[in-house]
Amino acid sequence: MMELALGIIMGCCALGAGIAMIAGIGPGIGEGNAVAKACEAIGRQPEAKSSVTSTMVMGCAIAETTGLYALIIAILLIFVAPNAMGNVLVRLLG
Amino acid sequence: MKEQTNVQAGNFKLVDYCYLAGMLLPILAGILLKILFTPASSGIQVTGPMIFFTIPMPVQDLPITESQVNSWLVVISITFLCLYLTHGIQAVPHSKRQIVAEWIVEKTDHLVRENMGDFFMGFVPFIGAILGLSAFSSLLSLFGLFPPTSDLNVVAGWAIMVFVLITHYKLKGGIVSYSKSFLEPTPVLLPINIISEFATPVSMAFRHYGNVMSGSVVSVLVVAALQGLSNMLLGWLPGFLGEIPFLQVGLPAILSVYFDLFSGCLQAFIFAMLTMMYVSGGFPKEDYERKMARKAAKNQ
């Protein structure tokens, strides 16, 4: 019984981590768009390269945030949640 | 006369060496602490900061963790770096470090003036301190130490400080205009406005923490995978030949350049940029000027 419960907990944590990382699609598309537009801008106006690049890097880092939230959730699910939930289970079932 | 200048130069150099020692000794102390306190364990683990000891407190025990100790070491190191850079400055710079110090000050001045305007020039030391502390904390992982920025508590502390600053500057226009700003553009959006007010420090803290921590976690995982691969390929060889970590030579170094150097410095820059933008963006300039004009009229 206990083994089954622990197995379900660990499997669901891994599944949840995988599903959470679907959020990586969004920042990928967004940053790709930003970099594409920045490349166009540099091609049109090569003298503005430095300011375009710094603005792009800044925007990319902000667009990355949602992906990082997902990554934090995934890391918590893999490394922290199984232990915490296992402890709860042990305390409940004795 | 000549002897005197020589003696002065000797003293000058001695102080310099003391400053350099003050910069390097905290890092050495951190490495020593890490070696002394790391428990003997097998395999690669992903854990939070080590807890050196706990101080009993009435409400909750206060743990002294690696991140606190390391951030204090970074603070000491930066203090001595500043002392070293500004030692013996003159009106006309003739030493390299004075030029470096002036370059840092000029760049920070320029950054703040570009992003915040002249009213906020008092923010230059604060922004410089945030940039330096954050960048050096992240770069501490180059020495194999635990970077304080990969602990959520440290970065959350900075974010709460920034939140207090934002609210302070929003309140400069008077409490009425501050409360009114929650009802814009329509009063229906009041709950969303309140949530977005508190989402600012949360998102700032999670952004910085997530970047630095994910970098270290990914590096650890890659090193573990490469270790497994090279064991698999060379494991059949006898003796120590089977334990040569030949696959771990190149890739972790490249990852470290990205995650430790680039990402750490970029996150420091972004934290400082967001601080400047939020503080100067939330400041109600017209309301503040109106209030000041009213006050001046009342005093006359």
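A residue counts as buried under 20% relative accessible area, as exposed over 50%, and as partly exposed in between. Keep these cut-offs at hand for the tour of this predicted model.

**Stop 1: helix α9 of chain B**

Select Asp287(B) and Arg290(B), whose side chains form a salt bridge (3.2 Å, N to O). Both residues belong to helix α9 (residues 285-299) of chain B and sit three residues apart, about one turn of the helix. Asp287(B) has 22% relative accessibility, so it counts as partly exposed.

**Stop 2**

Over all chains, the structure has six salt bridges. Select Arg97(B) and Asp16(B), one of these pairs, with side chains joined at 2.6 Å, N to O. Because Arg97(B) is in helix α3 and Asp16(B) in helix α1 (residues 2-37) of chain B, the pair ties together parts 81 residues apart in sequence. Arg97(B) and Asp16(B) are both buried.

Next, select Lys170(B) and Glu197(B), which meet in a salt bridge of 3.1 Å, N to O. This pair links distant parts of the chain, with Lys170(B) in helix α5 and Glu197(B) in helix α7 of chain B, 27 residues apart. Glu197(B), at 10% relative accessibility, counts as buried.

**Stop 3**

Select Ser141(B), in the loop between α4 and α5 of chain B. Its side chain makes a polar contact with that of Asp260(B) (3.2 Å). Setting aside residues up to four places away in sequence, Ser141(B) touches Pro147(B) and Asp260(B).

**Stop 4: the largest nonpolar core**

Center on Phe123(B) and Val279(B), which touch the most other members of the largest nonpolar core, a set of 35 residues. Helices from both chains each supply at least two residues of this core: α3 and α4 of chain A, and α3 (96-116), α4 (124-139), α5 (152-170), α7 (190-234) and α8 (251-282) of chain B. Beyond its neighbours within four places in sequence, Phe123(B) contacts Val112(B), Met116(B), Leu165(B), Tyr169(B) and Val279(B).

**Stop 5: where chain A meets chain B**

Show the contact, made by 12 residues from chain A and 17 residues from chain B. About 1300 Å² is buried between the chains, 81% of it from carbon and sulfur atoms. Select Met58(A), Ile72(A) and Phe79(A): they supply 37% of the area that chain A buries against chain B, more than any other three residues.

Which helix gives the largest share of the side of chain A that touches chain B? It is α4(A), with seven residues. By class, this side of chain A has 10 nonpolar, one polar and one charged residues. Between chain A and chain B there are zero salt bridges, and one residue pair is in polar contact.

Methods: Residues are numbered from 1 along each chain as its sequence is written. Chains are lettered from A and ligands numbered from 1 in the order in which they are written. This is a predicted model: local features need pLDDT of at least 70, side-chain atom pairs count only at pLDDT 80 or more; totals for chains, interfaces and linings use all residues. Side-chain values use heavy atoms; hydrogens and water are left out. Contact means heavy atoms within 4.5 Å. Buried area is the accessible area (1.4 Å probe) that two parts lose on being put together, summed over both. A salt bridge is a side-chain nitrogen of Lys or Arg within 4 Å of a carboxyl oxygen of Asp or Glu. A polar contact is a pair of N or O atoms within 3.5 Å; within protein, one must be able to donate a hydrogen and the other to accept it, and residues adjacent in sequence count only if both atoms are side-chain atoms. Helices (H or I, at least four residues) and strands (E, at least two) are DSSP runs, numbered from the N terminus. Ala, Val, Leu, Ile, Met, Phe, Trp, Tyr, Cys and Pro count as nonpolar, Asp, Glu, Lys and Arg as charged, and the others, Gly among them, as polar. A nonpolar core is a set of buried Ala, Val, Leu, Ile, Met, Phe, Trp, Tyr and Cys residues joined through side-chain atoms within 4.5 Å. Buried means under 20% relative accessible area, exposed over 50%, partly exposed in between (1.4 Å probe, protein chains only).
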